[in-house]
Amino acid sequence: MLNRLWKIGFFSGLTSFVLLIVGVRTILGQTLIFKNYLTFGVFGLTIGIFSFLLLFYNLKIAFRIFMVGVVLAFAEFFRSLIVNTNGMGDVLGILSLFIISSFGLGLAFIVQFIVILMRKDK
């Protein structure tokens, strides 16, 4: 069971890392340096750790909401990179990625907490 959870966390973190590299390097055409890879790796590691911990503590509703938030964040990230070609698309894309994914995590915790409280009342 723990091995499966570890794989899900690793896959979600690795996917986040790869999508960030694809977005910045391929779509924007920017040359990436070591600090970029390090930052993208830390973000991917954070996503992977949160995914693993949500499943480890059996917070399945929170995990699903968080993953939907991350998917929406990456969709907005890529939309911002493609649509905003005036030079601000990269900054807006990265900021929207961070803000939407953190909002998704907060919303996931709130909804899971409400579900736990409703189950305790019964």
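Does Ala73 count as buried or exposed, and at what relative accessibility? Ala73 counts as buried, because its relative accessibility is 0% (buried is under 20% relative accessible area, exposed over 50%, partly exposed in between, with a 1.4 Å probe and protein chains only). This is a predicted model, where local features need pLDDT of at least 70, side-chain atom pairs count only at pLDDT 80 or more, and totals for chains, interfaces and linings use all residues. Residues are numbered from 1 along each chain as its sequence is written, and side-chain values use heavy atoms, with hydrogens and water left out.

Ala73 sits in helix α3. Setting aside neighbours within four places in sequence, Ala73 is in contact with Ser96, Leu97, Ile100 and Ser101 (contact means heavy atoms within 4.5 Å). Its C-alpha atom is also 8.9 Å from that of Gly93, a residue 20 positions away along the chain.

**The overall layout**

The chain has 4 helices and 0 strands, so you're reading DSSP runs here: H or I of at least four residues for helices, E of at least two for strands, numbered from the N terminus. Along the sequence the pattern goes α-α-α-α. The C-alpha atoms fill a box of roughly 55 × 30 × 15 Å along the principal axes.

Of the 122 residues in the chain, 34% are buried. Among contacts with a separation of 6 or more, 66% are between residues 24 or more positions apart.

After α1 comes Gly29, with a positive phi near 75 degrees.

Phe40, Phe43, Gly44, Ile47, Gly48, Ser51, Leu54 and Leu55 are its buried residues, and they pack against α1, α3 and α4. Ser51 is worth a look: its relative accessible area is 0%, and it touches Gly9, Ser12, Phe63, Phe66 and Met67, not counting residues up to four places away in sequence. Past the end of α2, in the loop between α2 and α3, Asn58 has a positive phi of about 60 degrees although it is not a glycine.

**Helix α4**

**The nonpolar core**

In soluble globular proteins, nonpolar side chains tend to be buried together. Here the largest nonpolar core has 24 residues, and Leu20, Leu54, Phe66, Phe74, Phe77 and Leu97 touch the most other members (a core is a set of buried Ala, Val, Leu, Ile, Met, Phe, Trp, Tyr and Cys residues joined through side-chain atoms within 4.5 Å). The elements giving two or more residues to this core are α1, α2, α3 and α4, and α3 gives the most, with 10 residues.

Take Leu54 from that list. Beyond its neighbours within four places in sequence, Leu54 is in contact with Leu59, Ala62, Phe63, Phe66, Leu105 and Phe109.

**The largest pocket**

The largest pocket holds about 210 Å³ of space. On a 1 Å grid over the protein atoms alone, a pocket is an open set of points where a 1.4 Å probe fits, with protein on both sides within 12 Å along at least five of seven lines, and lining residues have an atom within 4 Å of a point. Points are joined across faces, edges and corners, and the volume is the space filled by probe spheres set on them.

Its lining is Trp6, Gly9, Phe10, Gly13, Leu14, Phe17, Gly41, Gly44, Leu45, Gly48, Ile49 and Phe52, with α1 and α2 each supplying at least two residues. The lining divides into 7 nonpolar, 5 polar and no charged (Ala, Val, Leu, Ile, Met, Phe, Trp, Tyr, Cys and Pro count as nonpolar, Asp, Glu, Lys and Arg as charged, and the others, Gly among them, as polar).
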